[in-house]
Amino acid sequence: MQKLPEPIYVVRPTLPDLGEFKKHLESIWESGIVTNFGPKHKEFELAIANYLKVSNASAFVNGHSALESAVRALKLSGEVITTPFTFPSTPHAISLNGIEPVFCDIDPKTFGICPDKIRELVTDKTSAILAVHVYGNPCNVVELQKIADENNLNLIYDAAHAFGVEINGKGIGEFGDLSVFSLHATKVFNAIEGGLVTFANAGYKDKLFELKNFGYQENSQDEDISGIGSNLKMSELHAAVGLLNLNNIDEQIAERRKIYTLYQEHINAIKGLTLIEPYATKPNYAYCPILVDPGDFGMTRDQLYKRLAEYNVFCRKYFNPPCNELSCYKKQKMRQPPTPVASSISSRILCLPIYPGLLLDSVNQICEIIEGLSNENLFVATCSSTVR
Ligand code: T4K
């Protein structure tokens, strides 16, 4: 087991060819239009909607702003039921709108919000469900829509991880009222920073535009504004990166699939580790999450995380702790339903490195290190020394 010569991180941003980017920069410099819905921005919104198979796409400066705007656009109030097994951006987007997030436990197989548990939590204060397609694995969209319809709730999907994912040929961003994608540097598809709200109902278009443009309406000469909005516009430079990355996205996802498949061969042969399988009809291999069973593997997730770092392999515990165990939510006087599944998964999950450009040789080496570590049996040693 050799320490890797260079650090390997959980992800590396996929950057477009610098020469190609320079050509875009030249045309931006020449036009003098660098932001405020210029030609690249317009081209990007159309191209990305086409790729994602969605009826409408509205670009934002980042995923979080897009999520916060989605919540605001629906004029929600009271409580929104969401998942604790996510990045803090999800509940923060609710809280920052002055609404209480109610954390609902997750399904032990999909790690998505559990429909049966949502039913137990709906009250007359509930205005929406904000579900997350964790790791790009789709939520139970049929059941969630049913609950939303039965209870007159809005349904928002945090699709930050789900770029390019489809369910039976339908773009994942077409489900629910609004879906939000992150185009951050660490994502399957990136514009360095960026976000996207997608929706089937074109009626949301104007409101989202106003929210990202100080309340001004698109193509309006009116000097008055009737609604209050922020400044969340994507610049021409970011749109240019997005346009270039979109050219190669299928090849990049295919490369991820190769890496994932190699992990699958190794990890499935190691006792005590379970690789979480993508199950969308068109998956994107955004993450490579494994669950650690300390008894069988011989080491806890935290021990494995630390030992891998000693070998220059820098994984991430996406998502630990679950959001309802973060101090900012724990200390609040709000409904705190029990979420034992989310707590258990959070304490055992580890995301291994996966990104285009990660060499298959490196994946083999990472797996050899994990195999070697599994023989150390630190967990048993720690337990028996504690017992003694
Ligand atoms: N909803 C969900 C479910 C999300 O997961 C996220 C974001 C959002 C909403 C909000 O979307 P954005 O507003 O971010 O568009 C990272 C990302 O920053 C964050 O976008 C992402 N989720 C989250 C899951 O992961 P960190 O704190 O882990 O990032 P960081 O900087 O530690 O980066 C991780 C690794 O990536 C590093 O070890 C090194 C590598 N890296 C990172 C950057 C930024 C690079 O090699 N180059 C880079 O430029 O949050």
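Biologist: Before we turn to this predicted model, what counts as a lining residue of a pocket?

Modeller: A pocket is an open set of grid points with protein on both sides within 12 Å along at least five of seven lines. Its lining residues are those that have an atom within 4 Å of a point.

Biologist: Which residues lie nearest the centre of the second largest pocket?

Modeller: The second largest pocket has a volume of about 290 Å³, and 16 residues make up its lining. Of these, the ones that lie nearest its centre are E45, L46, A57, K205 and E218.

Biologist: Which element gives the most to the lining of the second largest pocket?

Modeller: Two or more lining residues come from each of helix 2 (39–52), strand 2 (56–60) and helix 7 (205–212). With five residues, the element that gives the most is helix 2.

Biologist: How do the residues lining the largest pocket divide into nonpolar, polar and charged?

Modeller: The largest pocket holds about 480 Å³ of space and is lined by 31 residues, with F87, A160, S182, H184 and K187 nearest its centre. Helix 3 (63–73), helix 4 (89–95), strand 9 (178–182) and strand 14 (349–352) each give two or more residues to this lining. By class, the lining divides into 16 nonpolar, eleven polar and four charged residues.

Methods:
Residues are numbered from 1 along each chain as its sequence is written. This is a predicted model: local features need pLDDT of at least 70, side-chain atom pairs count only at pLDDT 80 or more; totals for chains, interfaces and linings use all residues. Side-chain values use heavy atoms; hydrogens and water are left out. On a 1 Å grid over the protein atoms alone, a cavity is a set of points where a 1.4 Å probe fits but cannot get out, and a pocket is an open set with protein on both sides within 12 Å along at least five of seven lines; lining residues have an atom within 4 Å of a point. Grid points are joined across faces, edges and corners, and a volume is the space filled by probe spheres set on the points. Helices (H or I, at least four residues) and strands (E, at least two) are DSSP runs, numbered from the N terminus. Ala, Val, Leu, Ile, Met, Phe, Trp, Tyr, Cys and Pro count as nonpolar, Asp, Glu, Lys and Arg as charged, and the others, Gly among them, as polar.
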